[in-house]
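These are my notebook entries on a single protein chain. I set down what I looked up, entry by entry.

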Amino acid sequence: MQLAERMSLLGTESAFEVLARAKALEAQGKSIISLGIGEPDFKSPPHVVAAAQKALADGHHGYTPANGILPLREAVAADLATRRGAKVHPDQVVVVPGGKVTMFFAIMMFGEPGAEIMYPDPGFPIYASVINFSGALAVPIPLREEDAFSFRAEEVLGRITPRTRLIILNSPANPTGGVVAKAEMDKLVAGLARFPEVAVMSDEIYSRLLYDNHAHVSALEYESLRDRLILLDGWSKTYAMTGWRLGYGVWPAELVPHATRLAINCHSCVNAAAQYAAIAAIAGPQDSVEAMRQSFDERRRLIVEELNRIPGFRCIRPGGAFYAFPNITGTGLSSAAIQDKLLNEAGVATISGASFGSYGEGYLRFSYANSLENIREAMRRVRACLAA
Ligand code: PLP
């Protein structure tokens, strides 16, 4: 068989590979604490499950419009108006099976040989993977510990060339938990006025998971960006619905037909019952969202404190998402070596910082979407393993 050459350009998300290795070790009888994959350890809210069951009982078994059912797109628009003060027309919303799909569509829409797309590094690995797949040049936006992993607007603007088509932003961020500073975002948006042909994709999938005094700065709030902004959000993290495969993009009107056509070519539409559940999640009671956030906050405080007690580790307090990203250079080990050592010798699954881009070398990602008890035990094991 002869595969298309572009298949060799596609990367992966090592969280899924670590998960597979962790499962294989568990199958051999080893005890593994999973701080690898980024997935809430809570169940989806009961009223959301009930809405899906009702949709199935009511006979919603067929195709839906490719961009999503209207009541769901209206609910998304209403939610964005309340939560982000943004006026979005329901026709700008394209419902897709997971946050990743908006990302894939946006990158494939702009990426081709000769084009450049900027992405956060360290960042969600699928950005660079799909940029490479599209044939475009992936240009990193370095995120540094000393900036609490927020970008430097001047640096981003300085890397724009006549070939730059799209800039990807992500706050709160995976894998760092970093939150973009409003002043930096203001500066970036002001500077982008000089580059009106450059589009922006803002991945705000962790927007409801913020701690301390951090407030969410949404790219939607900037009027001057609106005709070239793609907002990526979804239900996976906010409502503990990763397995339902639900996400949405808010697209500039002129890009909606392209996003819809990609959907028609790819998945036709999102599972109908899941769309009804999505309405219940977004328009229904939000207490479970806040309860999860508080629970994550408690775990965040514990894990950061514990990580800072491990010789060779240094961890700043992340402002959002559910990841801690300690600097591990003091151990003398590479990120990949420490990931393997902790998995094989301590039974703790983590993800090497280098798998999020070259600026992630020297760091390790811990997802603290696990119980306080498991986090305590994992930290005890890590300390013991590194001391041995
Ligand atoms: N964007 C970021 C930054 C993520 O971390 C993730 C998942 O880990 C996604 C998007 C994809 O979310 P989904 O599972 O809804 O496709």
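**Charges and provenance**

I began with the charges: the mean positions of the 38 positive and 40 negative charges of the protein chain are 2 Å apart. In this count Lys and Arg are positive and Asp and Glu negative, while His and the chain ends are not counted. I took the place of a charge as NZ of Lys, CZ of Arg, CG of Asp or CD of Glu.

I note that the model is predicted, that local features need pLDDT of at least 70 and side-chain atom pairs pLDDT 80 or more, and that totals for chains, interfaces and linings use all residues. Residues are numbered from 1 along each chain as its sequence is written, and side-chain values use heavy atoms, with hydrogens and water left out.

**Overall form**

I looked up the secondary structure and found 12 helices and 12 strands in the protein chain. Helices (H or I, at least four residues) and strands (E, at least two) are DSSP runs, numbered from the N terminus.

I then compared the radius of gyration with the globule rule. The protein chain has 21 Å, which agrees with the value near 21 Å for a compact globule of 388 residues. The radius is taken over C-alpha atoms, and the rule is 2.2 Å times the number of residues to the power 0.38. Along the principal axes, the C-alpha atoms fill a box of roughly 60 × 55 × 55 Å.

I recorded that 59% of the 388 residues are buried. Buried means under 20% relative accessible area, exposed over 50%, and partly exposed in between (1.4 Å probe, protein chains only). The accessible surface comes to about 16,100 Å², and 54% of that surface belongs to carbon and sulfur atoms. These areas come from the Shrake-Rupley method with a 1.4 Å probe; for residues, only the protein chains shown count as cover.

For contacts between residues at least 6 apart in sequence, I found that 75% join residues at least 24 apart. Contact means heavy atoms within 4.5 Å.

**Aromatic rings**

I counted 13 aromatic pairs. Rings of Phe, Tyr and Trp (its six-membered ring) pair if their centres lie within 6.5 Å; planes under 30 degrees apart count as stacked, over 60 as edge-to-face and the rest as tilted. I examined F104 and F133, a tilted pair with 6.4 Å centre to centre and 40° between the planes. The pair links distant parts of the chain, with F104 in helix α4 (residues 99-110) and F133 in helix α5 (residues 125-134), 29 residues apart. F104 is partly exposed at 32% relative accessible area, whereas F133 is buried at 12%. I also noted a cluster in which ring pairs link F42, Y206, F296, F322 and Y323.

**Selected buried residues**

I turned to V96 in strand β2 (residues 93-96). V96 is buried, its relative accessible area being 1%. Beyond its neighbours within four places in sequence, V96 has contacts that include V101, F105, L246, Y248 and H267. V96 and G234 are 138 residues apart in sequence, yet their C-alpha atoms are 8.8 Å apart in space.

I looked next at S236, in the loop between β7 (229-234) and β8 (247-250). S236 is buried at 5% relative accessibility. Leaving out residues up to four places away in sequence, S236 touches P40, M241, T242, R245 and L246.

I also checked L157 in helix α6 (residues 153-158), which is buried at 5% relative accessibility. With residues up to four places away in sequence set aside, L157 touches K187, L188, G191, L192, R194 and F195.

**Backbone exceptions**

I recall that most residues other than glycine have a negative phi, and that most peptide bonds are trans.

Where did I find cis peptide bonds? One joins D121 and P122, with omega about 0°, and P122 lies in the loop between β3 (116-121) and α5. Another runs from S171 to P172, with omega near -10°; P172 is in the loop between β5 (164-170) and α7 (182-192).

I listed two residues with positive phi. F149, not a glycine, has a phi of about 60° and is found in the loop between β4 (137-142) and α6. D212, likewise not a glycine, has a phi of about 55° and lies in the loop between β6 (199-203) and β7. F149 is buried at 3% relative accessible area, whereas D212 is partly exposed at 38%.
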